[in-house]
Amino acid sequence: MPETKNLCAQISLDLHHKISEAKEQTGQTTSQYITDLLTEYFKIKENGGTEAMTTGKNRTLAFQIDEELFNRIKAHLERETARTGHKLTQRDFVLGLITEALDAAEHEAQEEQNEDQAQEENQPEEK
């Protein structure tokens, strides 16, 4: 473990609140979260932009939903957070659902492809 040193700073209550909320979403300690923030900041400075901006590997997916569905999702996130003791974020929840759906669809497509190949192999050749 690297040697550490304490860093103290007075910040506005609004900024403190934002940091506390974001830290809770990650499940990290304050020390871990601030270390990650500062590390990311210096990477951004060195690279001239965020990692996502410089690698081009991340994309934004945005959409609107009705209020009722939004409230159901929020309630689910709160229940899961209480049940597991780990904050489930909207991002993690939606990415999990998308990944599950894509995995299932890809599996189904692969099975269909395998069935098609098996049928082709079992058909007698025309002369």
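A salt bridge here is a side-chain nitrogen of Lys or Arg within 4 Å of a carboxyl oxygen of Asp or Glu. What you're looking at is a predicted model, where local features need pLDDT of at least 70, side-chain atom pairs count only at pLDDT 80 or more, and totals for chains, interfaces and linings use all residues. Residues are numbered from 1 along each chain as its sequence is written, and side-chain values use heavy atoms, with hydrogens and water left out.

**The overall layout**

The protein has 5 helices and 0 strands, so its elements read α-α-α-α-α from the N terminus on, where helices (H or I, at least four residues) and strands (E, at least two) are DSSP runs numbered from the N terminus. How much of the protein is buried? Buried residues account for 7% of its 127 residues. For that label, a residue needs under 20% relative accessible area, while exposed means over 50% and partly exposed is in between (1.4 Å probe, protein chains only). The areas themselves come from the Shrake-Rupley method, and for residues only the protein chains shown count as cover.

**Salt bridges**

Back to those charged pairs. Side chains of opposite charge can pair when their charged atoms come close. The count comes to 2 salt bridges, and here they are:

| Salt bridge | Closest N and O atoms |
|---|---|
| Glu80 and Arg83 | 2.7 Å apart |
| Asp92 and Arg91 | 4.0 Å apart |

Glu80 and Arg83 sit 3 residues apart in helix α4 (residues 67-84), which means about one helical turn separates them. Arg83 is exposed because its relative accessible area is 61%. In the other pair, Arg91 counts as exposed at 59%, whereas Asp92 is partly exposed at 36%.

**One aromatic pair**

Rings of Phe, Tyr and Trp (its six-membered ring) pair if their centres lie within 6.5 Å; planes under 30 degrees apart are stacked, over 60 edge-to-face, and the rest tilted. That rule gives 1 aromatic pair. Tyr41 and Phe42 form it, edge-to-face, with 5.1 Å centre to centre and 75 degrees between the planes. Tyr41 is partly exposed because its relative accessibility is 43%, and Phe42 is partly exposed too, at 47%.

**Patches on the surface**

Patches are built from residues with over 30% relative accessible area and no salt bridge, joining like charges within 9 Å and nonpolar side chains (Val, Leu, Ile, Met, Phe, Trp, Tyr) within 5 Å. Lys and Arg count as positive and Asp and Glu as negative, leaving out His and the chain ends. Each charge is placed at NZ of Lys, CZ of Arg, CG of Asp or CD of Glu.

The nonpolar patch covers about 710 Å² and is made by Leu61, Phe63, Ile65, Leu69, Phe70, Leu95, Ile98 and Leu102. Both α4 and α5 supply at least two of its residues each, with α5 giving the largest share, 3 residues. Ile98 lies in α5 and is partly exposed, at 31%.

The negative patch brings together Glu108, Glu111, Glu112, Glu115, Asp116, Glu120 and Glu121. Asp116 belongs to helix α5 (residues 90-122) and is partly exposed, at 43%.

Methods: Areas by Shrake-Rupley, 256 points an atom, 1.4 Å probe, with all protein chains shown as cover.
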